[in-house]
Amino acid sequence: MASSHCLIRATYCHNLDFQHKKYNHNSKLSLNSNLIKPNKSSIVYATSSNKIRCNLNVKETNEGDHEKKERKAFRLLIAGGGIGGLVLALAAKRKGFEVIVFEKDLSAVRGEGMHRGPIQLLSSALGVLVDIDKDVAEQIMKVGCVTGNRINGLVDGPSGEWLAKYDLLAPAIKRGLPVTLVICRMALQEILLNAVGHHIVFNKSKVVDFSQDPQKVVVTLEDGQKFEGDILVGADGIWSEVRKKLFGAQEASYSGYTCYSGLADFTPSYINEIGYRVFLGSNQYFVVSDVGNGKIQWYAFHKEAARSIDTLAGKKIRLMELFGSWCSDVTTLIAETREDMIFRRDVYDRDMIYSWGIGRVTLLGDAAHPMQPNLGQGGCLAIEDCHQLILELASIKKRSLYEIVSALKRYEQKRILRTKIVHAVTRMASKALAAYQPYIYLWTLRLPHISFHVFGCVLRFVLPHFMTWLLTGQ
């Protein structure tokens, strides 16, 4: 059964007890804070056959009272209460900073599966969470469904044949990192909110403007309220208001692909062996992942014009037209998914920019480097951003403008290369599908396409190294 691969199965939107909690839309969340001081030096990591107890080797910092007091007077303003904003708030709080998070609508991730399904957390992101707060990381690993201990890789869509496999388990164990998992976004958000504290996160509070001078930055909310701070971080996603105010309005780039997403109540026969697969085809691909609790999440990407509309026949009919000739592992999932659990959105990204901020203001996650979701790395890179940013801010000795700007620039410089590489790979992967042709057909004969199979050999060599770099943060 699938449950053997999960520490504790994620409970999804229709089963979550906290789905019915109400928010105070006037100012703050009405969630109870549930903080537990981390007191463990190791965390149990799951594998397919047993559990491995790894020494986390996290360096403990013994900071003086003076530094703590200095940071307590240092106020960090965060626009955006998504995963990146909440992780940054948690990291800042643990370092002794005063933090305020402004979020326009925390309920936006509720109703999971509509546009954004469960989130994949690679070992690199989980390692960062351990370093920020071991107790919170342990909660996440208990709720998440481990997929990195099974076979993962690329598959030919029509035939179902493996093209390339990559090992997510051995590199993680070698470096003492947690194993890659998938977790319900709602569950992840709930854990982070409880750890950050409801008094820190202001709901229904959209940042629409800001101003800054040598002494402070001032944000303006949609309702006219103003708040002062030392630094403003825009973690407000691809449609970031902070980014627009920094660099002017810029059109997002349509990727050329629309995405159907579905959550199926289905347990396939291969569940114990396979965690994550990407089925490839010409100008389309189909991503499948076990997400626990007897459910499979899938995403169907198809190249077509932006803002296209489905016919009245429904999304399942449309998907069977697109993928009906593919292998049974794909068509069965579509057939097993209810029509009302299939949703659609067009996929956008933005060109990379090489300066993420001005003065006391910077960007993080999708606000800084939005990319296509074909590698599933948006959330992971945002978490990595948080870690690097808080390390640079913690190195500030005086609250001078020079030190603040220097710290923010160091953060950008240390993060841009990695995010640039991942951004470029996501775009190349989408463009490469236009030339995807593993076989040529001569009458009734199916013959290997020579150039494609040469590329396949290169892919089988390069992909494991790239994935190791990706999941270890190196």
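A nonpolar surface patch joins nonpolar side chains within 5 Å, taken from residues with over 30% relative accessible area and no salt bridge. The exercises below concern a predicted model.

**Exercise 1.** Determine which residues make the nonpolar surface patch of about 290 Å², and classify the exposure of Val458.

*Solution.* 
1. The patch of about 290 Å² is formed by Val458, Phe461 and Val462.
2. Val458 belongs to helix H12, which spans residues 450–472.
3. Partly exposed residues fall between the limits for buried, under 20%, and exposed, over 50%.
4. Val458 has a relative accessibility of 45% and is therefore partly exposed.

**Exercise 2.** Identify the buried residues of helix H8 (residues 315–323) and state what they pack against.

*Solution.* 
1. In H8, the buried residues are Leu319, Leu322 and Phe323.
2. Around the axis they cover an arc of only 75°, so they lie on the same side of H8.
3. In general, an α-helix has 3.6 residues a turn, so residues three or four places apart point the same way.
4. The packing partners of the buried H8 residues are strands S15 (253–265), S17 (284–292), S18 (295–303) and S19 (342–349), together with helix H9 (328–335).

Notes
Residues are numbered from 1 along each chain as its sequence is written. This is a predicted model: local features need pLDDT of at least 70, side-chain atom pairs count only at pLDDT 80 or more; totals for chains, interfaces and linings use all residues. Side-chain values use heavy atoms; hydrogens and water are left out. Patches are made of residues with over 30% relative accessible area and no salt bridge: like charges are joined within 9 Å, nonpolar side chains (Val, Leu, Ile, Met, Phe, Trp, Tyr) within 5 Å. Accessible areas come from the Shrake-Rupley method with a 1.4 Å probe; for residues, only the protein chains shown count as cover. A salt bridge is a side-chain nitrogen of Lys or Arg within 4 Å of a carboxyl oxygen of Asp or Glu. Helices (H or I, at least four residues) and strands (E, at least two) are DSSP runs, numbered from the N terminus. Buried means under 20% relative accessible area, exposed over 50%, partly exposed in between (1.4 Å probe, protein chains only). The arc is that of the directions from the helix axis to the C-beta atoms. Contact means heavy atoms within 4.5 Å.
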